[in-house]
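Open the model in your viewer and keep the sequence panel beside it. The stops below follow one another, each with something to select.

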Amino acid sequence: MSASASASASASASASASASASASASASASSTEGLTAATGRLVGVPGVSRTARWAAHAAALTLVPSGVWRIAIAFGWDSGFTDEFLGPDNFPGMGSWYLIGLSLFAEALGLLALGLIHRWGEVIPRWVPGLGGRGIPVLAAVIPASLGALAVTLITFLSAGNWNSVENMGAPTSPQGGMYWVMTACYVPLLAWGPLLAVATVAYYRRRRGSGVVR
């Protein structure tokens, strides 16, 4: 076989392999998208910007430090409080369930931000009785997320403004010294929750508006 014929055959085989790989990748992507819609797995959707992904994940993570702080108290860690509720003599105890439940509930709210970048934020997972497989109207996600971002921003910034008041960290029974700074460091990330959620919400709206499905 001549060098020319050999090169031609090689190029033909390469093109065939490339086409086969492309078709395989396309089928795989289609299969993954279908599986995601059916199961609601945390698989990203095409068109989500890096900024939106970063904002959504960061928003969910802002609640972790304060949640860990509360759970540590629930298991008996001395946070520096000396009042009748958060004092170390009360934990572990019945109050532990409240602190753990509050922490889990708060983090569950934070994780809702991930719906703005994943398939389950556009299509209800099929395992949801009666509603599974239905598309989620854009405004049905954007309005609650926007109101949530506004409410969280107002609450956290107002709380920050009163952080050192006599009703809060300025009280004699509140943590002092190093324990004050530990608690403060755990709660500071919450200031970013609202703004980050707002960024992810705007990106979600723009992306779906671009696909022509805004209702």
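Where is the place of Ile 73? Select Ile 73 and you will find that it belongs to helix 3. The model is a predicted one, and the mean pLDDT of the protein chain is 83, with 77% of its residues at 70 or more.

Stay on Ile 73. Is Ile 73 buried or exposed? Ile 73 is buried, because its relative accessible area is 0%. Leaving out residues up to four places away in sequence, Ile 73 touches Ser 79, Phe 91 and Leu 99.

Next, select helix 3, residues 64-74. Its buried residues are Ser 66, Gly 67, Trp 69, Arg 70, Ile 73 and Ala 74. Looking down the axis of helix 3, you see these buried residues within an arc of 160°, so they line one face of the helix. Show helix 4 (94-111) and helix 6 (178-187) as well; the buried residues of helix 3 pack against both. Just after helix 3, pick Gly 76, which has a positive phi of about 105°.

Now turn to the surface. Select Leu 61, Val 64 and Val 68, which make a nonpolar surface patch of about 260 Å². Leu 61 is in helix 2, residues 50-61, and is exposed, with a relative accessible area of 55%.

Finish with residues 1-42. Here pLDDT stays under 50, and the model has 23 contacts beyond four places in sequence for this stretch. Where pLDDT is low, predicted coordinates should not be read in detail.

Technical notes: Residues numbered from 1 in each chain as written. Predicted model: local features only at pLDDT ≥ 70, side-chain atom pairs only at ≥ 80, totals over all residues. Heavy atoms only, no water. Patch = residues over 30% accessible without salt bridge, like charges linked within 9 Å, V, L, I, M, F, W, Y side chains within 5 Å. Areas by Shrake-Rupley, 256 points an atom, 1.4 Å probe, with all protein chains shown as cover. Salt bridge = Lys/Arg side-chain N within 4 Å of Asp/Glu carboxyl O. Helix = DSSP H or I, 4+ residues; strand = E, 2+ residues; numbered from the N terminus. Buried < 20%, exposed > 50% of the residue type's maximum accessible area, 1.4 Å probe, protein only. Arc of directions from axis to C-beta. Contact = heavy atoms within 4.5 Å. pLDDT = per-residue confidence, 0-100.
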